[in-house]
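This report describes local features of one protein model.

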Amino acid sequence: RCLAASSRLSAAASDATGNYKTGQPTPGNFEVKFRAKGFFDLTISMVPLETGEVTLLDAEMTPIPIHNIQGFIVEDHDVRVEGAIIRLENQDFIYVDTTDAEGKYLFPSVKEGDYKVFIGRWGYLNQLWENLNFDHDVVRYFAVTRGYEDNFNLDLGWSVIGDAPTGQWERDIPKPMNFIQMPTFDSPADPGDRAYVTGNKGFSLSDDDVDKGFTLLTSPPMQLRSRYNRPLLSYDAWFFNPNAATPADDSLTVLVSNGKETVILEAITEDTFAWRASPRFDLARFIEITDDMRIAFRVADTEANGHILEAGIDNFKVEEGLSDEDFGQADELVKMRFHPNPFRSELTIDYKVEKSYDELKLLVFNVLGQKIEEVSLESALGTVQLELDFAPGIYFVAFQLDGKLSDAASVVKGF
């Protein structure tokens, strides 16, 4: 592309043979800039243009050098990660690769320049490096950490189904819409510029909104029982369903499943008018935690009344609510903590069972070793709140897995 710079800018694109034509309505000396993808920008100053005359100006542009960029994606310094996506991106070029069985990536022909580098794989925390300069061949290692997080800058395997003819979930850079209540960018709380949005075509309010049906966005499975002591889920959402001739009646419903059952975390029915951070959901309080957990976001337009309906999801993450150090006692069977201790009437017990089992019980004993309380439990991790109407004194709490007792912990009931 050729630009003739003055108070009035003229631009022209060269054809397939490299020829171009441009000009200015008034004579004088001009600065001419040439820009082409894959070449360094070129500026020629003091180019004379005369009325009624054709000035021949040839420009020889220098190709941007290419470099071999390769390396490995690892965790814990030396464990190589297969199947990780790495994306190099700037305003002109995008390169994408997936690591092989050895954790290796390879870009044999990267144009020299500054790049954003996105790295992700489901089950690992997202990584972003800004303004990495590649000006020579290099072998580079990138480290990743286990965890569940998605800023949606990469395709990490979410699925979309639905019967709505328009407005299906899609991962994209949100388009500006001609309405102030609809965000025109991804969540500012996470890096990158992509999010999942319902329909991203057109530029007006009603273009590609969810209509006459539903769209369901579902995460890949998560191993929350084995990886977390207390998984806390959060995300950013926006929802737009304005009143029209009839009251708005659509929703964004958030669901969690464990491979055996599905429950609702929340249903958003009122306009957020912007990105809204969700509460940090303690998933163990809603459902049994397993190693086959999924989160789903369902947007549905009821048939009774037609309304504009749009939604977005971004900044998805599962964080640890209890570190190993938070547990006051642990053995090969179970980790547990008690609070408050001493207690007056109500004792809260957080626990995580470390073994597989068929039957799980919580037992309370007095100082004589007599069992005075028994609670059957279903979940391998969670919280139990006991109201113990006993005399003040020392008591012992233990877990029983298929008849085998864990180490007992002492608790004190005060006056």
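Lys-212 is placed in the loop between β16 and β17 (214-218). Strands here are DSSP runs of E of at least two residues, numbered from the N terminus. Although Lys-212 is not a glycine, its phi is positive, about 55 degrees. Lys-212 is exposed, with a relative accessible area of 60%; exposed means over 50%, buried under 20%, and partly exposed in between, with a 1.4 Å probe and protein chains only. His-77, in the loop between β5 (66-75) and β6 (79-80), is also a residue other than glycine with a positive phi, near 75 degrees. At 78% relative accessibility, His-77 counts as exposed.

The model is predicted: local features need pLDDT of at least 70 and side-chain atom pairs count only at pLDDT 80 or more, while totals for chains, interfaces and linings use all residues. Residues are numbered from 1 along each chain as its sequence is written, and side-chain values use heavy atoms, with hydrogens and water left out.

| Cis peptide bond | Omega |
|---|---|
| His-339 to Pro-340 | about -10 degrees |
| Asn-341 to Pro-342 | near 10 degrees |

Lys-335 is part of strand β26 (residues 334-339). Its relative accessibility is 8%, so Lys-335 counts as buried. What do the side-chain polar contacts of Lys-335 join it to? One, of 2.7 Å, runs to the side chain of Asn-229, and another, of 2.8 Å, to the side chain of Asp-324. A polar contact is a pair of N or O atoms within 3.5 Å; within protein, one must be able to donate a hydrogen and the other to accept it, and residues adjacent in sequence count only if both atoms are side-chain atoms. Leaving aside neighbours within four places in sequence, Lys-335 is in contact (heavy atoms within 4.5 Å) with residues including Phe-327, Gln-329, Asp-350, Tyr-351 and Glu-354.

Strands β28 (residues 360-365) and β29 (residues 371-377) run antiparallel and are joined by 6 bridges; strands pair if DSSP finds at least two bridges between them. Leu-360 has Leu-377 in β29 as its bridge partner. The hairpin leaves 5 residues between β28 and β29, and Gly-369 in the turn has a positive phi of about 85 degrees.

**Aromatic pairs and charges over rings**

The whole structure contains 24 aromatic pairs. Rings of Phe, Tyr and Trp (its six-membered ring) pair if their centres lie within 6.5 Å; planes under 30 degrees apart count as stacked, over 60 as edge-to-face and the rest as tilted. Phe-152 and Tyr-196 form an edge-to-face pair, 5.1 Å centre to centre with 85 degrees between the planes. Phe-152 is in the loop between β13 (148-150) and β14 (159-162) and Tyr-196 in strand β16 (residues 195-198), 44 residues apart. Phe-152 is buried at 0% relative accessibility, and Tyr-196 is buried at 6%.

Trp-158 and Phe-297 form a stacked pair, 6.3 Å centre to centre with 25 degrees between the planes. Trp-158 lies in the loop between β13 and β14 and Phe-297 in strand β23 (residues 294-300), so this pair ties together parts 139 residues apart in sequence. Trp-158 is buried, with a relative accessible area of 8%, and Phe-297 is buried, with 0%. One aromatic cluster includes Phe-152, Trp-158, Tyr-196, Phe-297 and Phe-316.

The charged end of Arg-80 sits over the ring of Phe-72, 3.9 Å from its centre. Arg-298 lies over the face of Phe-214, at 4.6 Å from the ring centre. For a charge over a ring, NZ of Lys or CZ of Arg is within 6 Å of the ring centre and within 35 degrees of the ring normal.

**Nonpolar cores**

In soluble globular proteins, nonpolar side chains tend to be buried together. A nonpolar core is a set of buried Ala, Val, Leu, Ile, Met, Phe, Trp, Tyr and Cys residues joined through side-chain atoms within 4.5 Å. The largest such core has 41 residues, and those touching the most other members include Trp-169, Leu-233, Phe-297 and Phe-316. At least two residues of this core come from each of β18 (231-240), β19 (251-257), β20 (262-268), β23 and β24 (310-320). Not counting residues up to four places away in sequence, Leu-233 touches Leu-265, Phe-281, Ile-295 and Phe-316, among others. Another core, of 25 residues, lies apart from the largest one; among its members are Phe-343, Leu-360, Val-364 and Val-375.

Note on methods:
Helix = DSSP H or I, 4+ residues; strand = E, 2+ residues; numbered from the N terminus.
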